[in-house]
Amino acid sequence: MSNPSLLILAGDGIGPEVMGQVKRIIGWYGDKRGLNFDVSEDLVGGAANDAHGVPLHDDTMAKAQEVDAVLLGAVGGPKYDELDFSVKPERGLLRLRKEMDLFSNLRPAQCFDALADFSSLKKDIVAGLDIMIVRELTSGVYFGEPRGIFEEGNERVGINTQRYTESEIERAARSAFELAMRRGKKVCSMEKANVMESGILWREVATRVGKEYPEVELSHMYADNGAMQLVRAPKQFDVILTDNLFGDILSDCAAMLTGSLGMLPSASLGAPMESGRPKALYEPVHGSAPDIAGEGKANPIACILSFAMALRYSFDQGEEAARLEAAVEKVLADGARTGDLMGPEGGTPLSTSEMGDVILAALDASL
Ligand code: NAD
């Protein structure tokens, strides 16, 4: 049987630096665990624009559709700020998400004990936190028609439309319930059914899909209350299911519970392919960090944890994903810190590759 395939799109700024450490870890899995991947690499974002005049070449798009999973670093940077909107680096990423039809965005918010002091909340509220936000990514008010700025009488009116079909809600809900089955078996669905018809439909469909998962406890919450509960008592949640707009806001809010941007992975999943694996793109939440790019200061953990998500959700290697997450947890507990994780007590930060070194050593020690 052939190896599973991975397309690496390292992108711009710190993207290639953090991805460099992921490539070492992929190599480790081949050498030490007999888990081999067919890895190919290509350009995205500003790097693709420099080479081809577009932020994603058609050939790269075609490759992304064929592989078992795509791993992306980050795109963008000041060099590209003046480019026309149609060829901005972010358009490459948006094209990938759109053409792969990645409708389910998974953003874990996990607080490693060693970093609990970094949260803006009290340590006891966040220590041990482990929640997953499932955000519908391809529909809702960011895409609904009509949209635009129109003349009305003697003034202008800005219009966006919140629109969800039952099937769009259903597939997002199903992905949340499937995830909950692998985790704490709880889903909290968030909408505004009190004031929005799309929220009423969302609640109805989530309830219907929930009946197919009797082991999963389903609750509903208005999204504004959800935002409050996320900062009041976030550990009450396991999986949060929500739409595109509320998910955008709630997932950023949940992210800050955990401290640094350099720690946050994400996955965007689509429909199952012939292999049974979902179409999938894994990427850190952070951007290309032009302020530190090229200096070897970037924290590679968000990108490394994105690869751990790929192991779990694309390659059914939950135990190996847990091994990698445990290695990250261990080095943090031992005091390993890149610059973004330095507390007021100071110390000498590790470089990007030194953080890779200690994580690889922890992986070795796990055998
Ligand atoms: P950013 O995430 O790149 O950086 C915000 C701050 O966090 C910076 O101070 C940066 O140094 C720091 N930071 C981010 N990741 C880090 C890491 N791994 N280790 C250490 N520090 C880290 O956001 P920004 O500055 O708003 O955007 C910079 C560029 O990235 C822009 O061109 C933007 O459009 C792009 N961007 C891309 C993505 C993506 O590729 N998915 C996401 C957000 C922003």
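Tutor: We begin with a definition: angles under 35 degrees count as roughly parallel, over 145 as roughly antiparallel, 65 to 115 as roughly perpendicular and the rest as oblique. The axes are lines fitted to C-alpha atoms, for helices over the stretch in contact, and angles run from 0 to 180 degrees between N-to-C directions. Helices are DSSP runs of H or I with at least four residues, numbered from the N terminus. The model is predicted, so local features need pLDDT of at least 70 and side-chain atom pairs pLDDT 80 or more, while totals for chains, interfaces and linings use all residues. Residues are numbered from 1 along each chain, and side-chain values use heavy atoms, without hydrogens and water.

Student: Which residues of H11 and H12 meet?

Tutor: Contact means heavy atoms within 4.5 Å. On the H11 side are Arg323, Leu324, Ala327, Val328, Lys330 and Val331, and they meet Met355, Val358, Ile359, Ala362 and Leu363 of H12. By class, this contact has 9 nonpolar, no polar and 2 charged residues; Ala, Val, Leu, Ile, Met, Phe, Trp, Tyr, Cys and Pro count as nonpolar, Asp, Glu, Lys and Arg as charged, and the others, Gly among them, as polar.

Student: What makes the length of H11 close to the expected one?

Tutor: The expected span is 1.5 Å times one less than the number of residues. H11 has 16 residues and reaches 22 Å from its first C-alpha to its last, close to the expected 22 Å.

Student: Which residues of H11 are buried, and what covers them?

Tutor: Buried means under 20% relative accessible area, with a 1.4 Å probe and protein chains only. The buried residues of H11 include Glu320, Ala321 and Leu332. Their cover includes H1, H10 and H12.

Student: How is H1 placed against H11?

Tutor: The axes of H1 (residues 15-33) and H11 (residues 318-333) come within 13 Å and cross at roughly 120 degrees. That makes H1 oblique to H11. In this contact, Ile25, Trp28, Tyr29 and Arg33 of H1 meet Glu320, Arg323 and Leu324 of H11.

Conventions. Helices (H or I, at least four residues) and strands (E, at least two) are DSSP runs, numbered from the N terminus. Buried means under 20% relative accessible area, exposed over 50%, partly exposed in between (1.4 Å probe, protein chains only).
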